[in-house]
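This briefing covers charged side chains and an annotated site. Please look at the sequence and the structure first.

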Amino acid sequence: MRILLVEDDLRVTAVMTSMLQRRGYDVEHAATASAALAAAPCDLVLLDLNLPDGDGVDVCRTLRARSAHLGIIAVTARAEERDRVTGLRMGADDYVVKPFSMAELQARIEALLRRAARQAPPQEAVECGPLRIDHACRTVEVNGRAVSLTRKEFDILASLARQPGVAVTRERILLDVWQTTWSGRHTLEVHVASLRAKLSHPDLVQTVRGVGYRLRTG
């Protein structure tokens, strides 16, 4: 998932970027309101409201007008109730007051992702080589043969099928399937091993060393 971090304090930026990247997020930084509004599309914005060239509330309002589905979390030192109310009314999905712990921020990000997942339209069927995944019916076929998967096994496969041929980080899969990045790595490996065995094509789900997994397309 791609996060836009809008923060003018470089020390705070360095700490947050490091923490988020370790959790598997792709982070882009913007230090000003103008840079935030000019940034490439992203999945989530962590938005400081005190910016050197404008009010973050105005940035929030503009970003929300551009997209109703963009996740926005205000991360700011403004702790007054009126500031919280204004931020939320201008389009923020959540409001975090500095100082905060990364555990709290992570929990709020995951909660926002869960809400977004429930609201997302269902994907259509995806075909990758001999594999066919029907997201709406939650069915899987290999060379026309139906394969019975557990809920977690199907969700892992569905996570990979969103970007066939692209390496998906373990953290991204954990977020998609368990709604947290704190589940043990061993848990994911056990489920992937079972998934490969049931597909009868172990090379369909490829390991990308040091990153995660990839769904073979050919």
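There are 16 salt bridges in this predicted model, a salt bridge being a side-chain nitrogen of Lys or Arg within 4 Å of a carboxyl oxygen of Asp or Glu. This is a predicted model, in which local features need pLDDT of at least 70, side-chain atom pairs count only at pLDDT 80 or more, and totals for chains, interfaces and linings use all residues. Residues are numbered from 1 along each chain as its sequence is written, and side-chain values use heavy atoms, with hydrogens and water left out.

**Salt bridges within a helix**

- Arg61 pairs with Asp58 in a salt bridge whose closest N and O atoms are 2.7 Å apart.
- Both Arg61 and Asp58 belong to helix α3 (residues 56–66), where three residues, about one turn of the helix, separate them; helices (H or I, at least four residues) and strands (E, at least two) are DSSP runs, numbered from the N terminus.
- Arg61 is partly exposed at 40% relative accessible area, and Asp58 is partly exposed at 37%; buried means under 20% relative accessible area, exposed over 50%, and partly exposed in between (1.4 Å probe, protein chains only).
- Asp176 and Arg172 also form a salt bridge, at 2.6 Å from N to O.
- Asp176 and Arg172 are about one helical turn apart because they lie four residues from each other in helix α7 (residues 170–178).
- Asp176 is partly exposed, with a relative accessibility of 23%.

**A salt bridge between distant parts of the chain**

- In the salt bridge of Arg216 with Asp203, the closest N and O atoms are 2.4 Å apart.
- This pair links distant parts of the chain, 13 residues apart: Arg216 is in the segment after β14 (212–215), and Asp203 is in the loop between α8 (185–199) and β13 (205–208).
- Arg216 has a relative accessible area of 21% and is partly exposed, and Asp203 is partly exposed at 39%.

**The annotated residue Asp48**

- An unreviewed UniProt entry places the feature "modified residue: 4-aspartylphosphate" at Asp48; UniProt positions are given in the numbering used here, feature names are shortened, and annotations may be inferred rather than shown by experiment.
- Asp48 sits in the loop between β3 (44–47) and β4 (50–51).
- With a relative accessible area of 3%, Asp48 is buried.
- Leaving out residues up to four places away in sequence, Asp48 touches Val6, Glu7, Asp8, Gly56, Val75, Thr76 and Lys98, where contact means heavy atoms within 4.5 Å.
- A network of salt bridges links Asp48 with Glu7 and Lys98.
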